[in-house]
Amino acid sequence: MTETTVVHDAGQVVHVADDGIRTVANGGVAIEDGEIVDVGPTDDVVREYPVDTADTAVDASGKTVLPGYVDPHTHAVFAGERVDEFAAKLRGKSYQEIQAEGGGILSTVQAVREATRTELRDHLLDHLDTMLSHGTTTAEVKSGYGLSVDAERKLLEAVQLANDRHPVDLIPTFLGAHAVPDEMDPDAYVDSVIDEQLPAITKADLAVFCDVFCDEGAFTREQSRRILEAGIECGLTPKIHAEEFAHLGGGQLAAELGAASADHLLQSTKADAAAMADSDVTPVLLPGTAFTLGVEYAEPSLFEKAGLPVAIATDFNPNCYTQSMEFAMSLACNGMRMTPETALEGATCHAAAALNLKDGTGTLQEGAPGDLVVADVPRFEYIPYNAGVRTTEAVLVDGEVVYRD
Ligand code: NIG
Ligand code: FE
């Protein structure tokens, strides 16, 4: 039996496709067995897919219907928070000073090592509930707070367990090279990421991507290259934290290695953008990170001018404590001067490109998964405009209503 969902009478349906955004007034969407089969004016959709015979009908009168948001860069699996650092930063401490005093990433590592897999899973499930309530239906999640074989595996197993239980679809990334743990020397740690962690993670099939924090105070470009090349050998597609604090050439390395994305990019140059465009590396900009660090935002136009689709993400982590793609879109507009259109593309189809998703995720077109947001606004521009306010009223994943305000 075919399972049918019909969303009807929406004030606006936002048809996001690879070639841009179109809006349909008084729109409808039909979904069969989890896949979008029709998008258009309500009258046309319900003629083919009548409301009375649908298994699920969603009346979206006065609302806006959009593709579910895709968050392509999160560190959502961790233990503890770092709220005290928030206050310290506001008293003038830099991210690097906090790190040097044993705070930052390494304090979260300590908390993760002490947590059980079930505790990590439950903590992640709570954050996924928040993400879903802000319209996220697909999210990448990185490890990187374990920094040992056992702790990195524990984190990615927690991601797998949460993925099995939660409607938000999770894409796991191995980020063993997030920081050098206290007990090790940097080169020995790089060797252990390559020789021990990567084989263990890939043998258990726990990750799709391999990421490296390529920056001053983290990993050099040569160390990053070694790790990402080893990841490729193990079947993991590269991603990279590049040019966040210093320009080490991570964007160019991403281009050389055919990475799916290069992320952060606060110090990128025109030459980096051109190299990334030649190799189809999607730039992922993280306005929440610049916002919480109090530094200059990345420059979307650098990448747009090179012809690249710009993706945006939350970078949700204990330092950048926001799960909301609605907020990321608002910051993309107000902070990075993106338009509501490019911010929405960045949070949907371009974000899916950063995750190499080719099944229509992040679009609202026929054949795509039936992942939708019903937002309580008359037009999509209100979503970034209404800064800091949750506009998500309902969320559908594979045609099923999984969240309702
Ligand atoms: O993407 N830049 C490196 N990693 C994270 C921060 C992680 C943390 O501070 O816990 C980021 O911003
Ligand atoms: Fe990050």
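The following legends describe close-up views of a predicted model.

View 1. Asn-317 sits in the loop that joins strand S13 (311-312) to helix H13 (325-334); helices (H or I, at least four residues) and strands (E, at least two) are DSSP runs numbered from the N terminus. Because its relative accessibility is 7%, Asn-317 counts as buried (under 20% relative accessible area, 1.4 Å probe, protein chains only). Leaving aside residues up to four places away in sequence, Asn-317 touches His-75, Phe-78 and Tyr-145 (contact: heavy atoms within 4.5 Å).

**View 2. Polar atoms about the side chain of Asn-317.** A polar atom of the Asn-317 side chain lies 2.7 Å from the backbone oxygen of Asp-315. The backbone nitrogen of Cys-320 is 3.0 Å from a polar atom of the side chain of Asn-317.

**View 3. Packing of helices H6 and H7.** The axes of H6 (residues 149-165) and H7 (residues 186-203) come within 9 Å and cross at roughly 30 degrees, the axes being lines fitted to C-alpha atoms over the stretch in contact, with angles from 0 to 180 degrees between N-to-C directions. H6 and H7 are therefore roughly parallel to each other (angles under 35 degrees). Val-149, Glu-152, Arg-153 and Leu-156 of H6 make the contact with Glu-196, Gln-197, Ala-200 and Ile-201 of H7.

**Conventions.** Residues are numbered from 1 along each chain as its sequence is written, and chains are lettered from A and ligands numbered from 1 in the order in which they are written. Local features need pLDDT of at least 70, side-chain atom pairs count only at pLDDT 80 or more, and totals for chains, interfaces and linings use all residues, while side-chain values use heavy atoms, with hydrogens and water left out.

Methods: Buried means under 20% relative accessible area, exposed over 50%, partly exposed in between (1.4 Å probe, protein chains only). A polar contact is a pair of N or O atoms within 3.5 Å; within protein, one must be able to donate a hydrogen and the other to accept it, and residues adjacent in sequence count only if both atoms are side-chain atoms. Angles under 35 degrees count as roughly parallel, over 145 as roughly antiparallel, 65 to 115 as roughly perpendicular and the rest as oblique.
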